[in-house]
Amino acid sequence: MARTTPGRWKRRLIVGVAAAALVGIGGPYVYIHYIQDDPPAALSLGSPPAMPESTSGSASGGQAGEGVEGGWRVGSGSQAGYRVDEVLFGQNVTAVGRTEKVTGELEVEGTRAVGGRFTVDLASVESDSDQRDGQFRGRIMNTERYPNAVFELTEPVDFGSVPDVSEQVTGEATGDLTIHGETNSVTFDLAAQRTADGFRVNGSIPVTFADYGIDAPNFGGIAVEDEGTVEFLLAFSPA
């Protein structure tokens, strides 16, 4: 049997280490950049909703500036979730998780939203990775103990005017955000759009994990940034 010289063993060892490094680095790179789907775009109001067939004349049909006062509830088509940057085996990726299990109410007086409270079922949030979802529900958010994220308005939001159908207006919201058993006051921008039978509200809330007693995850080759955002798109119908 032929004997392998020490020099040949050394060369094989070097080649093996190099190959392992290539797989460890190149594998995630290929997967992230050529196989994995791009993260979903940020939630937004998007295109104007379709006009009702009965509407004629102006965009408002003569009545679109009316009828928004009173109570409203979060309805079908609503979504909320998170967006956070990760480093996955040395590669930068954006993780996005969402759920349609959002409930809440809003009270409108004139051009102002004067009260509101919204709840997101965190245990139902899903991303494109079962492993990530398991970590999110377990060691990160502990949804068994803290199943919901809750936002409650503490100051009125003045949109300046009552929009016509398909028109968008903006405002600034201030309220208390509760996640992981911790509550902080937050202020963020909102955009609202009138629809034929209600309205939609869109925004995102910057979140620093440490403010809510959450350790930025760092495990198994995955490191998560210290900050992320809570995204939402809420569709309202009359209460």
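Q: Among contacts in the protein between residues at least 6 apart in sequence, what percentage join residues at least 24 apart?
A: This is a predicted model, where local features need pLDDT of at least 70 and side-chain atom pairs count only at pLDDT 80 or more, while totals for chains, interfaces and linings use all residues. Residues are numbered from 1 along each chain as its sequence is written, and side-chain values use heavy atoms, with hydrogens and water left out. A contact means heavy atoms within 4.5 Å. Among contacts between residues at least 6 apart, the percentage joining residues at least 24 apart is 66%.

Q: In what order do the elements of the protein run from the N terminus on?
A: Helices (H or I, at least four residues) and strands (E, at least two) are DSSP runs, numbered from the N terminus. The protein has two helices and 12 strands. Read from the N terminus, the elements run α-β-β-β-β-β-α-β-β-β-β-β-β-β.

Q: What percentage of the 239 residues of the protein count as buried?
A: Buried means under 20% relative accessible area, exposed means over 50%, and partly exposed lies in between (1.4 Å probe, protein chains only). Of the 239 residues, the buried percentage is 38%.

Q: What part of the accessible surface of the protein belongs to carbon and sulfur atoms?
A: Accessible areas come from the Shrake-Rupley method with a 1.4 Å probe, and for residues only the protein chains shown count as cover. The accessible surface comes to about 13700 Å², and the part belonging to carbon and sulfur atoms is 51%.

Q: Is Leu106 buried or exposed?
A: Leu106 sits in strand β4 (residues 102-109). Leaving out residues up to four places away in sequence, Leu106 touches several residues, among them Trp72, Phe118, Leu153, Phe199 and Phe236. Its C-alpha lies 8.1 Å from that of Val74, a residue 32 places away in sequence. With a relative accessibility of 9%, Leu106 counts as buried.

Q: Which residues is Val114 in contact with, leaving aside its neighbours within four places in sequence?
A: Val114 belongs to strand β5 (residues 112-121) and counts as partly exposed because its relative accessibility is 27%. The C-alpha atoms of Val114 and Leu153 are separated by 7.8 Å, although the two residues are 39 apart along the chain. Apart from neighbours within four places, Val114 is in contact with Glu107, Glu109 and Pro156.

Q: Which residue meets Arg98 in a salt bridge at 3.4 Å, N to O?
A: A salt bridge is a side-chain nitrogen of Lys or Arg within 4 Å of a carboxyl oxygen of Asp or Glu, and the structure holds five. The pair in question links distant parts of the chain, 133 residues apart, with Arg98 in strand β3 (residues 91-99) and its partner in strand β12. Arg98 is buried at 18% relative accessibility, and Glu231 is buried too, at 5%. The side chain that meets Arg98 at 3.4 Å is that of Glu231.

Q: Which residues are linked in a network of salt bridges?
A: The bridge between Arg98 and Glu231 is part of this network. The linked residues are Arg83, Arg98 and Glu231.

Q: How far apart are the closest N and O atoms of Glu152 and Arg117?
A: Glu152 and Arg117 form a salt bridge, linking strand β6 (residues 148-153) with strand β5 across 35 residues of chain. Glu152 is partly exposed at 36% relative accessible area, and Arg117 is partly exposed at 40%. Their closest N and O atoms are apart by 3.0 Å.

Q: Is Asp128 buried or exposed?
A: Asp128 and Arg132 meet through their side chains in a salt bridge (2.7 Å, N to O). Arg132 is buried, with 15% relative accessible area. Asp128 has a relative accessibility of 55%, so this residue counts as exposed.

Q: In which loop does Asn142 lie?
A: Most residues other than glycine have a negative phi. Asn142 has a positive phi, near 50 degrees, and is partly exposed at 29% relative accessibility. The loop holding Asn142 is the one between α2 (130-140) and β6.

Q: What is the phi of Ser166, which is not a glycine?
A: Ser166 lies in the loop between β7 (157-158) and β8 (168-179). Ser166 counts as partly exposed because its relative accessible area is 25%. Its phi is positive, about 80 degrees.
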